[in-house]
Amino acid sequence: MDTTKKREVKRRRLHQDVVNYLMEDIRKGVYKVGEELPSERDLMAEFQVGRPAVRESLMKLSDMGVIEIRPGVRAKVKEPSVLPLLEGMGSVVKLQLQDPKGNFFFQEARSIFETAVARRAAFLVTEEHLKILSELLEQKKKCLDNTEKFAELDVLFHKQIVLVLKNPLLDGIYDAMGRWLLEQRLMTLNFENQPERALAAHSAIFEALKSHDPDAAEQAMENHIQQINSIYSTKMNTTHQKADSK
């Protein structure tokens with residue numbers, strides 16, 4: 001055995017230990033949602049570390065979506081959400097969306113997600129949900145010539161369907177996916193008569209939900225997304241063909 005070989009062993013960063021302890025405390029309910037954490041000075045004393053380690057640990061927990069940090073007040077425990085973690089993937093996702101194959105994978109993922117949500121929503125939708133969806137459709141009819149406003153209402157319509165399921169994890173996934181595919185939504189709505197097609201598709205989804213028909217809701221959502229994907233894929237392929245020909 002070669003006893004002369006040397007390997008570097010890196011010292012564990014102190015702030016990670018603080019993160020681990022605080023995460024365990026939050027998990028056990030020592031600090032509940034909405035409650036403040038101890039002051040920086042108290043945390044320094046409790047963990048016997050300096051201010052930099054405490055601040056770094058709090059920033060890490062904030063990035064994870066576990067706590068909320070605001071100037072002048074103590075850090076506060078937040079309702080758990082996957083959105084901060086999903087948003088951290090944004091840069092990689094944008095790169096993949098620029099590639100036709102990567103784009104196809106995301107469109108497929110969206111289709112699977114939203115059709116499954118629509119199907120489940122058909123069982124759970126209430127009169128209150130239907131009223132909100134109906135109001136959104138009426139608003140969309142009034143802004144067919146305003147792409148940005150129509151896109152905003154488009155997002156709200158789809159989000160309302162996700163909210164029917166009352167699942168925070170699905171809410172976070174939809175919010176992240178909506179941000180990733182914002183470019184697609186805006187681009188497709190600029191195609192001739194596309195707002196009218198989108199409105200008709202949303203009306204079909206609404207009627208299926210109103211009838212509590214899971215098969216119809218799933219199919220209506222599938223038709224809607226496939227029509228959008230067809231436009232976007234054609235545009236992307238045309239763009240790449242032009243780039244390759246240069």
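This is a predicted model: local features need pLDDT of at least 70, side-chain atom pairs count only at pLDDT 80 or more; totals for chains, interfaces and linings use all residues.
Trainee: Which residues line the second largest cavity, and what makes a space a cavity and not a pocket?

Mentor: The lining is formed by Arg 110, Glu 114, Tyr 174, Met 177, Gly 178, Leu 181 and Arg 185. A space is called a cavity because a 1.4 Å probe fits there but cannot get out, whereas a pocket is an open set of points.

Trainee: How is the lining of the second largest cavity divided by class, and why is Gly counted as it is?

Mentor: The division is three nonpolar, one polar and three charged residues. Tyr, Met and Leu count as nonpolar, Arg and Glu as charged, and Gly falls among the others, so Gly is put in the polar class. Helix H6 (100–124) and H9 each supply at least two residues of this lining, and H9 gives the most, with three.

Trainee: How many cavities of 30 Å³ or more does a search of the whole structure find, and what is the volume of the largest cavity?

Mentor: The search finds three cavities at that cut-off, and the largest has a volume of about 100 Å³. Its lining is made up of Arg 110, Asp 154, Leu 181, Gln 184, Arg 185, Thr 188, Leu 189, Gln 194, Ala 198, His 224 and Ile 228. H10, H11 and helix H12 (214–245) each give two or more residues to that lining, with H10 giving the most, four residues. By class, four residues of the lining are nonpolar, four are polar and three are charged.

Trainee: What is the volume of the second largest pocket, and which of its lining residues are closest to its centre?

Mentor: The volume of the second largest pocket is about 220 Å³. Of the 14 residues that line this pocket, the closest to its centre are Glu 40, Leu 58, Ile 69, Val 73 and Ala 75. Helix H2 (40–47) and H3 are the elements that give two or more residues to the lining, and the largest share, four residues, comes from H3. The lining of this pocket divides into seven nonpolar, one polar and six charged residues.

Trainee: Why are Lys 166 and Asn 193 put in their accessibility classes?

Mentor: Lys 166 has 69% relative accessibility and therefore counts as exposed, the cut-off being over 50%. Asn 193, with a relative accessible area of 41%, is partly exposed, because that class covers what lies between 20% and 50%.

Trainee: Where are Lys 166 and Asn 193 placed, and what is phi for Lys 166 and for Asn 193?

Mentor: Lys 166 is in the loop between helix H8 (147–163) and helix H9 (168–180), with phi near 55°, a positive value in a residue other than glycine. Asn 193 is in the loop between helix H10 (182–189) and helix H11 (194–210), and its phi is positive too, about 65°, although Asn 193 is not a glycine.

How values were computed
Residues are numbered from 1 along each chain as its sequence is written. Side-chain values use heavy atoms; hydrogens and water are left out. Buried means under 20% relative accessible area, exposed over 50%, partly exposed in between (1.4 Å probe, protein chains only). On a 1 Å grid over the protein atoms alone, a cavity is a set of points where a 1.4 Å probe fits but cannot get out, and a pocket is an open set with protein on both sides within 12 Å along at least five of seven lines; lining residues have an atom within 4 Å of a point. Grid points are joined across faces, edges and corners, and a volume is the space filled by probe spheres set on the points.
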